[in-house]
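Hello,

Here is the structure I promised to pass on to you. Have a look at it first, and then read on for what turned up.

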Amino acid sequence: MQPPPPTTALPLLCRAACAGLMACAAGCMHFVGVDPLAPQVRSLQQSVALPWLDPDDMPGRTEITAGQLVIHADFPVAHQHRLIRDLESLRVDVSQTLGLPISDEPVHLYLFENPTRYDEFVAKRFPGFPARRAFFVETDTSLSVFAAWQDRVAEDLRHETTHGYVHAVVPALPLWLDEGIAEYFELPRVEGGEHTAHVAHLAGRLIEGTWQPDMLKLEAVTSAAEFSQDHYAEAWCWVHWLLATPDRRTLLQEYLADVRRDATTAPLSIRLRQAPGLPADITAAVKAHVEALAGESGFDSLP
Ligand SMILES: [Zn+2]
């Protein structure tokens, strides 16, 4: 598929628009079907001007390999930096939790020394792209994360690196599940995937009577432009609910395995309706799950 010029194409190619949302600063762009290095698309390079092909703009002072990650930074990065070790262990967490194999496909992390340098890069190479702290780009042959080193870089890199680890083995994940999984794993490991900001948001919606869990609606959202804070919170909620018991975790793992084999596999919502052992009223069960988490966190008494 030939992409249009970047000034108009990039926002349309964005898989997820997390910018400006309370809990997620990430964004995920996919250049579907385009390999910047493949012979058949080399003729497109001038018009596409894929930004990571220009080394002058890229962080290049340091390059280290940490497991599957190849980290390119504007500044010295130690192998033993706590964040690097955290991202390495995330690879195993994601694999074991989701029942996915570990891939050796490199995930490139481009780390800019500060937001100013990063913003200049984005403005130059991704003109018109909404402001955000980090983003993930997938092509046919590369998985890349771009981020600035700032206060929330750990959360941002866990989110984006999760996309990288998952896409290395399941390239055609539904948008909502892709984001729900990344939201789950963006938290520090000790949090156990419990995203208190999302819990508070959804608990507030329940108290207002303005939200009901509805996986069918989430599955219908295939455009980044439509993916709102409600969607991120609900996507996380379904993933957290699915991973909360062994039976449901197995169901999610089997679905991911099937999506990995066949991207056109039936939506998860259909599988949920047919799965034995699940509550008859899944909507009520997911609401109860949110209410229980809110109670534990003290969000059930919101005004
Ligand atoms: Zn994302």
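A residue is called buried here if 20 or more other C-beta atoms lie within 10 Å of its own. By that count, 37% of the 303 residues of the protein chain are buried. Please keep in mind that this is a predicted model.

Now for the overall picture. The protein chain has 12 helices and 7 strands. Among its contacts with a separation of 6 or more, 68% are between residues 24 or more positions apart.

Next, a pair of helices to find on your screen. Helix α7 covers residues 196-208 and helix α12 covers residues 282-297. Their axes are 9 Å apart, and the two pack at an angle of about 115°. Is the crossing of α7 and α12 left-handed or right-handed? It is left-handed.

Which residues of α7 meet α12? They are Thr-196, Val-199, Leu-202, Ala-203 and Leu-206. On the α12 side, the partners are Lys-287, Val-290, Glu-291, Leu-293, Ala-294 and Ser-297. Sorted by class, this contact has 7 nonpolar, 2 polar and 2 charged residues.

Strand β3 (residues 62-66) pairs with strand β4 (residues 69-73) in the antiparallel sense, over 5 bridges. Within this pairing, Ile-64 stands opposite Ile-71 in β4. The hairpin has 2 residues between the strands, and Gly-67 takes a positive phi near 65°. As you trace the strands, remember that in a regular strand the side chains alternate between the two faces of the sheet.

Enjoy exploring, and write back with any questions!

Best wishes

Note on methods:
Residues are numbered from 1 along each chain as its sequence is written. This is a predicted model: local features need pLDDT of at least 70, side-chain atom pairs count only at pLDDT 80 or more; totals for chains, interfaces and linings use all residues. Axes are lines fitted to C-alpha atoms, for helices over the stretch in contact, and angles run from 0 to 180 degrees between N-to-C directions. Helices (H or I, at least four residues) and strands (E, at least two) are DSSP runs, numbered from the N terminus. A crossing is left-handed if the near helix is turned anticlockwise from the far one by less than a right angle, and right-handed if clockwise. Two residues are in contact if their C-beta atoms, placed from the backbone, lie within 7 Å. Ala, Val, Leu, Ile, Met, Phe, Trp, Tyr, Cys and Pro count as nonpolar, Asp, Glu, Lys and Arg as charged, and the others, Gly among them, as polar. Two strands pair if DSSP finds at least two bridges between them. A residue is buried if 20 or more other C-beta atoms lie within 10 Å of its own, exposed if 12 or fewer, and partly exposed in between; C-beta atoms are placed from the backbone.
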